[in-house]
Amino acid sequence: MTPPSPLIDGALRPDLAVISEWIEPHSRILDLGCGDGTLLDHLARTRDVRGYGLEIDPAKLSACVARGVNAIQADVDDGLRDFGTDSFDYVVLTQTLQALARPDLALTEILRVGRKAIVTFPNFGHWRVRLQLMAGRMPLTPSLPDEWYDTPNIHLCTVDDFEALCESRRWTRLRRSLLDSALRQGKRITAWPNLFAEVALYLLED
């Protein structure tokens with residue numbers, strides 16, 4: 001999926017704002033798929049964090065450099081073998097999990113490299129997705145805007161799928177935030193998260 005713009009009307013996108021609130025000041029951060037460096041730049045200015053970004057797109061990498069963000073051109077699927085255990089306080093992976101070859105192995109590496117992991121992904125259990133699948137079509141939603149033939153998503157999951165993976169690997173879910181298509185929280189999402197959440201955010205610890 002193509003991630004939405006990190007800024008909305010000049011303000012940090014709501015899901016990134018949630019992530020920012022979860023991160024302690026003066027932390028060491030690794031942002032995987034950091035885009036144009038907006039989140040790292042914001043965290044450096046507001047939380048006094050130090051860190052790096054990994055980004056595969058050369059244009060976005062250039063944008064990071066222009067912002068003064070330390071970023072390296074790399075593919076998350078190639079692994080994090082160049083980083084030692086507990087090198088960072090947080091490793092952040094936003095809206096990229098579903099595009100990885102082996103999300104489970106990537107999360108294992110993320111939780112080796114970072115003391116904590118922050119992961120976000122589109123919820124494939126949302127009611128709009130279910131409705132379109134019942135109609136015999138691959139879904140198109142605000143969180144899944146790409147046609148089946150040009151989507152980068154190869155391992156979509158639901159909120160329940162992700163939580164089952166965390167339970168099976170004994171990863172501790174420290175915090176969770178579930179948002180709608182406008183990246184807002186709501187009572188329906190709280191009551192039926194797997195049906196009404198479009199975007200899921202998790203703070204994990206091994």
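Predicted model: local features only at pLDDT ≥ 70, side-chain atom pairs only at ≥ 80, totals over all residues.
Colleague: What makes the second largest pocket a pocket, and how much space lies in it?
Modeller: About 250 Å³ lies there, a volume being the space filled by probe spheres set on grid points joined across faces, edges and corners. A pocket is an open set of points on a 1 Å grid over the protein atoms alone, where a 1.4 Å probe fits, with protein on both sides within 12 Å along at least five of seven lines. Lining residues have an atom within 4 Å of a point. Of the 15 here, M138, P139, D146, E147 and W148 are the closest to the centre.

Colleague: Why is W148 called exposed?
Modeller: Exposed means over 50% relative accessible area, buried under 20%, partly exposed in between (1.4 Å probe, protein chains only). W148 has 61%, so W148 counts as exposed.

Colleague: What makes R13 and D15 a salt bridge?
Modeller: The rule asks for a side-chain nitrogen of Lys or Arg within 4 Å of a carboxyl oxygen of Asp or Glu. R13 and D15 meet at 2.7 Å, N to O. Therefore the pair qualifies.

Colleague: Are those two buried or exposed?
Modeller: Buried: R13 has a relative accessible area of 4%, and D15 has 1%.

Colleague: Why is E109 called partly exposed?
Modeller: E109 has 23% relative accessibility, so E109 counts as partly exposed.

Definitions and conventions. Residues numbered from 1 in each chain as written. Heavy atoms only, no water.
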